[in-house]
Each structure stands twice: as C-alpha cells, then as structure tokens.
Amino acid sequence: MDEVLQQVAKLITEVVGPDFLLGVEITRDTTFSDDLGLESIEFVALADKLNAHYGVDLVAFLADMDIDEIMAMSVGRLVDHITARV
Amino acid sequence: MSRFLFVVPPLTGHVNPTASVGGELLARGHEVAWVGHPGTLKPLLPDNARIFPAIDDLLEADIRAKRERWLALRGMAVLKFFWEEFLIPLGHSMVPGVDAAVRAFQPDVIVADQQALAGPLVARNAGVPWVTSASTSAELVNPLRTMPKVDAWVRDLLHDFADGDIRFSELLVLVYSSAALVGQEFGDEVAFVGPALAHRVERVDFPWEWLVRGEETLGGQGARCVLVSLGTLNGPAGERFLGQALEALAGLDVRVVMVAEPRPAPPNVLMLPSVPQLALMPHLDAVVTHGGHNTVCEALAHGLPLVVAPIRDDQPTVAAQVVQAGAGVRLTYSRARAADIRSALESVLDEPEYAAAAGLVRESFLAAGGAAAAADRLEKVVAG
C-alpha cells in the first residue's frame, strides 16, 4: 500500500513538475482539486501514466463519481482503487 | 423587416458577438434591441442601440463580487460554483426584465446567449422562437462527456430551471468559430459563422503614436509586436504567471502591449488596463492569451499565431483547438516559467508554420461569413 502511494506521488510529481511541490508532501489526504490544483492537461497526462504503470483507467474511475466526490477525490482514494485492482 | 431581441449576461465576451450580429441586422433595416445590464451594454453597442434593463447596478456588483470568489476556486469547485451560484441565480434574476422587454419590444426572434438562461425560458412561455448565441464553441463538444454523473447534474439543474436543456436551441445555434477549428461536424441547426467582428464599436483610447514610433524607428525584428491579454487575473496563480511573463518579455526583442493594471514593467512593454483589441490586431505578430474564445478567434481571424495558457472553463478546450490546428503553443498556466513562456513565444514568432496554420484558420473564418452569415440565418428563422 505504501509502495503504491509512493509511486502515485512520484507520477504526480512528474506531471506537475518538482518545482511546484517543494515543501508539499503528497499524502493520502492530498486532494487533486484543491491541494494539487491539477489542470485538465495534467490530469490527462496523469491518466496516461497510471494506465501505463498499473493498467488503471482513471477516466473510468472518475466516470462513476458525482461532482462532490470528484471535488473530494484524494490521493488515498486513488491509491485504494489501484491497490484493489492490481 | 423583423424584430430581434438579444438576451445577454453582464460579460463583455458574451455581448461582443451580439454587438456585431445586431449591428449587421440594424444595417439591413431590422429593429434590434438588447436586454441585460445597461451599464455593461452601452460601451459595447452602437450609439442608438435600444437597451432594456434586466440587471441593475446592484445585482451587477453582486455578480462581480461572486466572480472574485469564483476566481479563487480550483478544479471541480469552479464548475459547481459556476452553475449553482452564478448561472442559475442569474437566470432567475433576469426573468422579470427579459419578460418586460419581450412584452414591450414584441420580438419575432429572441437570440439568447448561452449564459443568459432567462432568454429561452421567457421565449418559450411567450411563444416566441428562440435561438442560441454560443459565445464559445467549447460547450458543443460537451467537456463533461467523460463524467456522466456530473453531466447529468448539469442537465438536472437545467430541467429544474426550465424543464429542458436550454443551452442549445433546436432552431439555430450561432457559433462564432469554424467547423475546421472545432474539428467536428454537428446538426444543421448548428451554424458555424466564424467570429462576428463587423460593426463592432471600441470606445477605448490607445496611444497609437507608441505603435507608429516603434514601427518607424526599430524596423525589422524589433518592430514585431505582441499582445498579452490574460483576462481577469486569477489570484496568486495569476500574479505568478504575470511575473513570469514580464521576466520572459524583458529578454525578448519584441514590443509588447499587455492588458493589465499598471505595474513596473520592462521598457519594451506598454501596460494598459484596457485596449481596443480589434483595432490593434492588424499591427500584431502574435498573441499571448489565457484562451478566451473571443480573443483566440479574433487573433486567428487576423492570421496571428498564439501562445495559450488556459486557466479554466472553456479555455482548455479552446487551447486544444489551437494546438490541434497547429496555430499555437499551449502552456500550463499555474506552472509555466519565464523560460517556457519565452521559448513558446519565440517558437510562434520565428517558426512560420504557426502563422501559416493560423492563416488557414483565417480562411475558414472568411468562408464562414461572420456577422452577415449570422444575420442570414436569423432572417431564415423569421421566414420559418
């Protein structure tokens, strides 16, 4: 589980660029919307990386969520999803 | 002759295309009126334009205050706020004014901006045909298609408001772009008329001598001129991008017109709070923008390549269209550094394929017909 969290944090850092995460530790509670402010193009890039690394479809994962769930979507929730799938 | 009523929100970008199309209808001898916020409308419309009030200054100030809060949001919270706190309440508050305007003006057709939901609602209740003025092409391709539950939530809000998806008229949807740029075909009711730029009124002053002086004294490379227009700044992220942009521009051999509140700037940058953007276009070599639909299409209508740093709303979709067309470079707004901005700008200025691609989009716009084509389609709606 920790391993997945570490890997997801690494992929996010690759997408966002390390400069913008200085001093920000990505934890299970980090939200994509508010904390990371992931832009749409970064979201697509992250989806590609997750797919390549885990074969997990981020778009399909989000397709099941309503707007409040997407707003609250955290790194931990993604990690759990990956752990359950892989 | 017929009567056309435009229903618009208090947002410049949404009024501008209707100013052009309305101007064309007036030139053809039709009766034309607008309903919305008079203070926003007056500077953008012809001198004798007939304006009905649906939004008073108090409500407009309230909308602006909301917009400030909205600009601080990120991610999906932007969309939630936009619908729940802005679009639906605005629709409700505009209903009485639009209703009164329809009774007084007796239009043959109501042309409702996509963000003026009161238009279709009042039109339907009054039995007047209504058409859509889509001031951005992004909604057409439904950016929410990959999030069906969010998409359904928007549709539910619209059904609660008006018992239907009133974002799109079944009679006519005017889109101020081209099928080539949007990259998709739609039904016959969707009219790609290209940017509507004729008859537009720009009442903003500009120090034209600054432009002329540069062209005369610098010549060649140094005479190249770039417009940087980033819309309303988005809090800290906006400050950051502006700082990086100024740093990037300082090292470049171009002259820059930047739309921003005055602040310290390098000597090659002329900073103004507002500019007559359309009148400036023929003097420019490239445009840096956050990807507002009007600015992007005005630039492309002049064959200008773009650097687009989209922030929110339809801007990522518009930026993707520009990149797909080969007419510009996309930057990440919240992270782009001075070096990224500089190299993007150098690319679009120095590599002729960007301007060539922008030229192709311009041709598709010219073929689309602009305000005249929009007026033709509107006349056909009256004719049935």
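What covers the buried residues of H1(A)? In this predicted model, helix H1 of chain A spans residues 2–16, and its 15 residues reach 21 Å from the first C-alpha to the last, close to the 21 Å expected at 1.5 Å a residue. Its buried residues are A:Val8, A:Ile12, A:Val15 and A:Val16, and because they cover an arc of only 85 degrees around the axis, they lie on the same side of H1(A). The cover over these residues includes H2 and helix H5 (75–85) of chain A. On the other side of the helix, A:Asp2, A:Glu3, A:Gln6 and A:Glu14 are exposed, while just after H1(A) the backbone at A:Gly17 adopts a positive phi of about 95 degrees.

Chain A also meets chain B, with 20 residues of chain A in contact with 17 residues of chain B. On the side of chain A that touches chain B, the elements giving two or more residues are helix H2 (40–54), helix H3 (58–63) and helix H4 (67–72) of chain A. The residues of that side divide into 12 nonpolar, four polar and four charged.

Turning to chain B, one finds an open sheet of seven strands in the order S3-S2-S1-S4-S5-S6-S7, with parallel pairing. Strand S3 (50–53) and strand S7 (190–192) are its edge strands, each pairing on one side only, and neighbouring strands are turned by 25 degrees against each other on average, direction ignored. Within this sheet, strand S5 (residues 130–134) and strand S6 (residues 173–175) of chain B run parallel and are joined by three bridges, with B:Thr132 standing opposite B:Val173 in S6(B). Helix H4 (residues 76–105) of chain B packs on the sheet, where it touches S1, S2 and S3 of chain B and makes about 140 degrees with the direction of S3(B). Helix H1 (residues 12–27) of chain B lies across S1, S2, S4 and S5 of chain B, running at about 160 degrees to S2(B).

Chain B also contains an open sheet of six strands, ordered S10-S9-S8-S11-S12-S13 and likewise paired in parallel. Strand S10 (269–272) and strand S13 (328–330) of chain B stand at the edges with a single partner strand each, so one side of each is left without a neighbour in the sheet. The twist here averages 15 degrees from one strand to the next. Strands S11 (residues 286–289) and S12 (residues 306–308) of chain B pair in the parallel sense over three bridges, and the bridge partner of B:Val288 in S12(B) is B:Val307. Helix H11 (residues 293–301) of chain B lies across S8, S11 and S12 of chain B, running at about 170 degrees to S11(B).

Conventions. Residues are numbered from 1 along each chain as its sequence is written. Chains are lettered from A and ligands numbered from 1 in the order in which they are written. This is a predicted model: local features need pLDDT of at least 70, side-chain atom pairs count only at pLDDT 80 or more; totals for chains, interfaces and linings use all residues. Two strands pair if DSSP finds at least two bridges between them. Helices (H or I, at least four residues) and strands (E, at least two) are DSSP runs, numbered from the N terminus. Axes are lines fitted to C-alpha atoms, for helices over the stretch in contact, and angles run from 0 to 180 degrees between N-to-C directions. Two residues are in contact if their C-beta atoms, placed from the backbone, lie within 7 Å. Ala, Val, Leu, Ile, Met, Phe, Trp, Tyr, Cys and Pro count as nonpolar, Asp, Glu, Lys and Arg as charged, and the others, Gly among them, as polar. The expected span of a helix is 1.5 Å times one less than its number of residues. A residue is buried if 20 or more other C-beta atoms lie within 10 Å of its own, exposed if 12 or fewer, and partly exposed in between; C-beta atoms are placed from the backbone. The arc is that of the directions from the helix axis to the C-beta atoms.
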